[in-house]
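The sequence and structure are shown first, and the description follows.

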Amino acid sequence: MSTAMNFGTKSFKPRPPDKGAFPLDHFGECTAFKEKFMKCLRENSFENALCRQESKEYLECRMERQLMAKEPLAKLGFKDLIEEKSETQQETL
């Protein structure tokens, strides 16, 4: 009876993290956005609905710096903030 393990038959295939799991911001590239969001939460008794703009800005920062996968903001729940912004831009034209 052989007790030797054959490691060559199976190879490990890495897979990307599940949605919501992303690299830490080791270089502090989005710290200012995070602090702005956290300040908003503290000032509003941690009612996150009141801090959606800050949350959107933080996620945009993370996506721009490849700290998370790029996703359409509408898919992340910010469709109304995007439409609001585009309506405001059209009014100024």
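At what angle do α1 and α2 pack, and how far apart are their axes? The two helices pack at an angle of about 160 degrees, with their axes 9 Å apart. That makes α1 roughly antiparallel to α2, the term being used for angles over 145 degrees. Axes are lines fitted to C-alpha atoms, for helices over the stretch in contact, and angles run from 0 to 180 degrees between N-to-C directions. The crossing of α1 and α2 is left-handed, that is, the near helix is turned anticlockwise from the far one by less than a right angle. On the side of α1 the contact is made by F33, K34, K36, F37 and C40, and on the side of α2 by E54, S55, E57, Y58 and C61. Contact here means heavy atoms within 4.5 Å.

The model is predicted: local features need pLDDT of at least 70, side-chain atom pairs count only at pLDDT 80 or more, and totals for chains, interfaces and linings use all residues. Residues are numbered from 1 along each chain as its sequence is written, and side-chain values use heavy atoms, with hydrogens and water left out.

**Overall fold**

The protein chain has three helices and zero strands, and reads α-α-α along the sequence. Helices (H or I, at least four residues) and strands (E, at least two) are DSSP runs, numbered from the N terminus. Of the 93 residues of the protein chain, 22% count as buried; buried means under 20% relative accessible area, exposed over 50%, and partly exposed in between (1.4 Å probe, protein chains only). Among contacts with a separation of 6 or more, 46% are accounted for by residues 24 or more positions apart.

**Disulfides**

The whole structure holds two disulfides, each being a pair of cysteine sulfur atoms within 2.5 Å. One of them joins C30 to C61, with an S to S distance of 2.0 Å. C30 lies in the segment before α1 (31–43) and C61 in helix α2, so this pair ties together parts that are 31 residues apart in sequence. The torsion about the S-S bond of C30 and C61 is about -90 degrees, so the disulfide is left-handed.

Another disulfide joins C40 to C51, with an S to S distance of 2.1 Å. Here C40 lies in helix α1 and C51 in the loop between α1 and α2, so the pair ties together parts that are eleven residues apart in sequence. The link of C40 and C51 is left-handed, with -95 degrees about the S-S bond. When the bonded cysteines of the protein chain are numbered in sequence order, the pairing is 1-4, 2-3.

| Cysteine | Relative accessibility | Class |
|---|---|---|
| C30 | 1% | buried |
| C40 | 8% | buried |
| C51 | 0% | buried |
| C61 | 2% | buried |

**Residues of helix α2**

Which residues does K56 contact, leaving aside its neighbours within four places in sequence? They are L73, F78 and L81. K56 has its place in helix α2 (residues 52–64), and is buried, with a relative accessible area of 6%.

E57, also found in helix α2, is buried with a relative accessible area of 18%. Not counting residues up to four places away in sequence, E57 touches F33 and K36. Both F33 and K36 are listed on the α1 side of the contact between the two helices, and E57 is listed on the α2 side.

Q53 and C40 are 13 residues apart in sequence and 9.9 Å apart in space, C-alpha to C-alpha.

E64 lies in helix α2 as well, and is exposed, with a relative accessible area of 58%. The C-alpha atoms of E64 and C30, 34 residues apart along the chain, are separated by 9.9 Å.

Definitions and conventions:
Angles under 35 degrees count as roughly parallel, over 145 as roughly antiparallel, 65 to 115 as roughly perpendicular and the rest as oblique.
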